[in-house]
Amino acid sequence: MQKKCRIDEAMKRKYPEQVVLVTTRSAKGRENVMAVGWTCIVSGDPLMLALGIDDESYSYELIRATRRFVVAFPGERMSREVLFAGTRHGHKMDKLRESGLKVQKASVVSASLLADAVVNLECRLVDVYRPGDCPVVIGKVVAAHQNRDTRLKRLYTVGQNYAMGKVRSTILKKR
Ligand SMILES: Cc1cc2nc3c(=O)[nH]c(=O)nc-3n(C[C@H](O)[C@H](O)[C@H](O)COP(=O)(O)O)c2cc1C
């Protein structure tokens, strides 16, 4: 049975919410990483993702400038790095280096892959919409990479104050 409640009260129960890390790299080679929870698939063929990315973030500036970015699904041991990337702005610091995240070279875009992520998706910016107070960035996936460890669990936000939990996909190849 349902009972009517305030919208903000209902939204406290949205968890688990997926979280991704978005990496970017400026034309001059400055790298950045941020955490994004507001994300979903908006096209299957070609694969496209939508990301709600705040106007104030350095990542938004870099995405608009370069039109390239990487979306990584964080692995189970990356909660500290997700919080680091999601609670500091990269305008004046090299967050990617200071987070200690291990990086790999991508194949199409200049932004880095995250070595310990479950999956990395290289994206090209398709468009930016503003349906409400947050820009919605649409990225077309142009290349994909997956962790060699197929049993690696993916990190989710499981509660308020960025509480993190891990989930393993049921569709797994035998090692
Ligand atoms: C778990 C988690 C989820 C987040 N989700 C979003 C989101 O969906 N959109 C957003 O703009 N910021 C989100 N943030 C906050 C940004 O990651 C944060 O503002 C970050 O400092 C922006 O970095 P930048 O300015 O270096 O790009 C989230 C943070 C955390 C920890």
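Which residue of β6 stands opposite V22? V71 in β6 stands opposite V22. The model is predicted: local features need pLDDT of at least 70, side-chain atom pairs count only at pLDDT 80 or more, and totals for chains, interfaces and linings use all residues. Residues are numbered from 1 along each chain as its sequence is written.

**View 1. Strand β2 pairs with β3 and with β6.** Strands (E, at least two residues) and helices (H or I, at least four residues) are DSSP runs, numbered from the N terminus. Two strands pair if DSSP finds at least two bridges between them. Six bridges join β2 to β3 (residues 31-36), and the two run antiparallel. T24 stands opposite N32 in β3. A hairpin is formed by β2 and β3, with five residues between them. In its turn, G29 has a positive phi of about 95 degrees. Three bridges join β2 to β6 (residues 68-73), also antiparallel.

**View 2. Strand β2 is covered on both faces.** A residue is buried if 20 or more other C-beta atoms lie within 10 Å of its own, exposed if 12 or fewer, and partly exposed in between; C-beta atoms are placed from the backbone. Six of the six residues of β2 (residues 20-25) are buried, so the strand is largely enclosed by the rest of the structure. V20, V22 and T24 lie on one side. L21, T23 and R25 lie on the other.

**View 3. V22 has contacts beyond its sequence neighbours.** Two residues are in contact if their C-beta atoms, placed from the backbone, lie within 7 Å. Leaving aside neighbours within four places in sequence, V22 is in contact with V33, M34, V36, L51, S59, F69, V70 and V71.

**View 4. The largest nonpolar core has 38 residues.** Such a core is a set of buried Ala, Val, Leu, Ile, Met, Phe, Trp, Tyr and Cys residues joined through C-beta atoms within 7 Å. V20, L21, V22, V70, V71 and A72 touch the most other members. β6 gives the most to this core, with five residues. In soluble globular proteins, nonpolar side chains tend to be buried together.

**View 5. An open sheet has three strands.** The order is β1-β11-β12, with antiparallel pairing. The edge strands, β1 (17-18) and β12 (163-167), each pair on one side only. Two bridges join β1 to β11 (residues 154-159). Q18 stands opposite Y156 in β11.
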